[in-house]
Amino acid sequence: MSVTADDILTQPRHVELPVKDDARDAFERLTETVGTVTVADPKMRTEHVDVFYGEKQAIFDVSLDIGNNEVIAMIGPSGCGKSTFLRCLNRMNDTIPTCRVTGSMSLDGEDLYGAELDPVLLRARVGMVFQKPNPFAKSIYDNVAYGPRIHGLAANRAELDDIVVDSLKKAGLYDEVKDRLDAPGTSLSGGQQQRLCIARSIAVSPEVILMDEPCSALDPIATARIEELISELSQNYAIAIVTHSMQQAARVSQRTAYFHLGKLVEVGDTKQVFTNPTHELTENYITGRFG
Amino acid sequence: MDKLHLDQHISHQFNLELEEIRNKVLKMGGMVEQQVANGLTALLEGDGDLGSQVAQSDFEVNALEVEIDEECTQVLARRQPAASDLRLIVTVIKVITDLERIGDEAEKLGRFSVDLVSAEDLPSYRKDLRHLGELVRSMLGDALDAFARLDVDAAIRTAQRDDDVNREYETLERLLATHLVEDPRQVSKLFKITWCARALERIGDHSVNICEYVVYLVKGKDIRHTSFDQIRSEFL
């Protein structure tokens, strides 16, 4: 008697695949975020935040804490509201005339919209790095020195020099530019420009750094260097990073928040979200079952 | 996640790759089941030819393990799978290792059956081996069914049957030891029968492993080295 693989296959096991779920149903059934949105002793706290562009609502009742010295990644398909939410954290949405933000947001317990809080100072404490590197049309030195000068953070030139050098070192750029600090910021490569922007944020002693897809315009090596930098920076700053790359979110963050159509679907430990997410929408997104 | 939607990626090619891997694992499971069945038949009916055939066919099981491992490696490299896809690949890599070991145990049954063809004077062992063999065969079949259906309940209940297998094996061991004392001239054959019983008991253990991986795949929870009381309270 000869047993072949074909013989085995003529008696296949009955395989029942699960019934396809309707993602829209799952979304409409979602009434609150899955996972723990709060952390003990948060750096920033947001509660029941809604954002409107005119009549159109972009963010629906989002509550999320940003912890001290943590990297939290925000992921989700295009148009899900993650960048909109990120911009709430330093009131960048104030610059958009049609934008209206409601809910409660605080930094170290201070209301972001409180009378005592100057939005300009807020944007120094909660810095931002954008997708496309945007160095000023100034020298490398002046790019970094601009913020400290404006905020009067240095008493004299020597102190300013220290701030600039220190910031460039923290951003991992100093060794590459120390001999040409007078060169234009725009003469640097893409990755260097982005690190220059990070140095510029650091120069005004922020407490939180917001990053909106900071690596999407960069090559893989520059990306890896920025990610390494994020890891080092998180020892001193809280970092919230919006990214389209799920692998990047998995690499750099401790917590991951998944947004979908303006709702915060799930937030949790990055390790858990990428191996065993709780909500099916999160699962569908990170496994590429829908964009 | 109770529903894995393994075939619903935006990338059709990725669906095909995972389906190919899954089908090969089921094929490997089927081959191994048949090897165990044939090995047992050879042993219990004294069919040396069938036993030889089982022993010589083990290379096909091994080749399939290598093939599936390579495909899993390619998926990891090219797709960077996450969540349930990642757990599927990790599970497959582990399951095929256990299937390959089951294949090795079946090969032993085949090999020893050739030596034991002439063991006509040891009929009582056939009855005990038959019972142990049936327990193990049904465990293996149910474990593979649980994997095919991604059925956590079935996996846990199947794993629990290993206690019956172990009890049966221990009974058989005691019986064999008694006969060894009574008739030391049969030592060579008694050892081989013991090794066959041991091979069956090991197949039971490997089937338990497969059940544990099914729970990991579906629930994301690693239940290896966890007591059944804890598993029962969490999942049943």
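## A helix across the sheet

Helix α8 (residues 190–202) of chain A lies across strands β6 and β7 (208–212) of chain A, and runs at about 170 degrees to β6(A). Angles here go from 0 to 180 degrees between N-to-C directions, with axes being lines fitted to C-alpha atoms, for helices over the stretch in contact. Helices (H or I, at least four residues) and strands (E, at least two) are DSSP runs, numbered from the N terminus.

Please keep in mind that this is a predicted model, in which local features need pLDDT of at least 70 and side-chain atom pairs count only at pLDDT 80 or more, while totals for chains, interfaces and linings use all residues. Residues are numbered from 1 along each chain as its sequence is written, and chains are lettered from A and ligands numbered from 1 in the order in which they are written.

## The open sheet of chain A

In chain A, 6 strands make an open sheet with mixed pairing, in the order β6-β7-β8-β3-β9-β10. Because β6 (126–129) and β10 (263–269) of chain A are at the edges with a single partner strand each, one side of each has no neighbour in the sheet. From one strand to the next, the twist averages 20 degrees.

Inside this sheet, β3 (residues 71–75) and β9 (residues 255–260) of chain A pair in the parallel sense over 4 bridges; two strands count as paired if DSSP finds at least two bridges between them. M74(A) stands opposite A257(A) in β9(A).

## Two helix pairs

Helices α5 (residues 140–151) and α6 (residues 157–170) of chain A pack at an angle of about 115 degrees, their axes 9 Å apart. On the α5(A) side, Y141(A), V144(A), A145(A) and P148(A) meet L160(A), I163(A), V164(A), S167(A) and L168(A) of α6(A); contact means C-beta atoms, placed from the backbone, within 7 Å. By class, this contact of α5(A) with α6(A) has 8 nonpolar, 1 polar and no charged residues. Nonpolar covers Ala, Val, Leu, Ile, Met, Phe, Trp, Tyr, Cys and Pro, charged covers Asp, Glu, Lys and Arg, and the others, Gly among them, are polar.

Over in chain B, the axes of α1 (residues 12–45) and α3 (residues 83–115) come within 9 Å and cross at roughly 20 degrees. α1(B) and α3(B) are therefore roughly parallel to each other, a label for angles under 35 degrees. The contact of α1(B) with α3(B) has 18 nonpolar, 6 polar and 1 charged residues.

## Chain A as a whole

Chain A has 12 helices and 10 strands, and its C-alpha atoms fill a box of roughly 90 × 50 × 35 Å along the principal axes.

Notes
Two residues are in contact if their C-beta atoms, placed from the backbone, lie within 7 Å. Angles under 35 degrees count as roughly parallel, over 145 as roughly antiparallel, 65 to 115 as roughly perpendicular and the rest as oblique.
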